[in-house]
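Please keep the structure open while reading.

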Amino acid sequence: MLYAGLLLYGATDGLMIRADLGLDPWDVFHQGLSRHTGIAIGNVSIVVGAVVLLLWWPIRQRPGLGTVSNVFLVGGAIDVTLALVPHVEALGGRIPLLAAAVVGNGAATGLYIAARFGPGPRDGLMTGLHRRTGRSLRLIRTAIELTVLAVGFVLGGGVGVGTVLYALAIGPLAQFFLRVFGGLEPGTEPSAAAAGSAARERVMADTI
């Protein structure tokens, strides 16, 4: 589940780039850096993930297998997807490509979180700051993502309707697929231990 989710996450990021209708905030930042450095966007994602992971040290956040795997697999899957999927000119082809990318990204999120091997570097930064500062998770998430979106936009990253669609859809999609892959049935009352686990999963899903 972990590796299927991470590979699918990178692949759907690549499809969203090919749709060319706007990226999620972090990929706007990655694309902006890529355009200024000449480094492939997948490799930029790997470098940024590694730098963000270093920021875990002062906030005492501990990485897991999923964290380290996220750094390398997602960026690699992006570059492979971009190499295999050609650029699409027609808007009639780009719109369904964007829709498939957003839904697939939600499914990937549910898969890798439900595997319970640790959050990705960017997700862990948000939850770590939440614990250290006491500020709300949504406030910290919004501040970080608006910051990387603004910097990415200034650097020339792709902002568009896809950015808005992703922002509105990824939360509900992640929650839905987390329930599907995590085995949480609607209407059931989990035990206290399971409820605690479910609460942690909801917090993690909320950081995507």
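How close do the axes of helix α2 and helix α7 come, and at what angle do they cross?

1. The model is predicted. In it, the axes of α2 (residues 25-37) and α7 (residues 137-154) come within 7 Å and cross at roughly 30°. Angles under 35 degrees count as roughly parallel, so α2 is roughly parallel to α7. The crossing of these two helices is left-handed.

2. On the α2 side, the contact is made by P25, W26, V28, F29 and G32. The α7 side supplies I144, E145, V148, L149, V151, G152 and F153. Sorted by class, the residues of this contact are nine nonpolar, two polar and one charged.

3. A second pair is α5 (residues 91-114) and α8 (residues 161-182), with axes that come within 7 Å and cross at roughly 40°. That angle makes α5 oblique to α8. Here the crossing is right-handed.

4. Which residues make the contact between α5 and α8? From α5 they are L98, V102, V103, N105, G106, A107, T109, G110, L111, I113 and A114. From α8 they are G162, L165, Y166, A169, I170, L173, A174, F177, L178, F181 and G182.

5. How do the residues of the contact of α5 with α8 divide by class? There are 16 nonpolar and six polar residues, and no charged ones. The contact of α2 with α7, by comparison, has one charged residue.

Notes: Residues are numbered from 1 along each chain as its sequence is written. This is a predicted model: local features need pLDDT of at least 70, side-chain atom pairs count only at pLDDT 80 or more; totals for chains, interfaces and linings use all residues. Side-chain values use heavy atoms; hydrogens and water are left out. Axes are lines fitted to C-alpha atoms, for helices over the stretch in contact, and angles run from 0 to 180 degrees between N-to-C directions. Helices (H or I, at least four residues) and strands (E, at least two) are DSSP runs, numbered from the N terminus. Angles under 35 degrees count as roughly parallel, over 145 as roughly antiparallel, 65 to 115 as roughly perpendicular and the rest as oblique. A crossing is left-handed if the near helix is turned anticlockwise from the far one by less than a right angle, and right-handed if clockwise. Contact means heavy atoms within 4.5 Å. Ala, Val, Leu, Ile, Met, Phe, Trp, Tyr, Cys and Pro count as nonpolar, Asp, Glu, Lys and Arg as charged, and the others, Gly among them, as polar.
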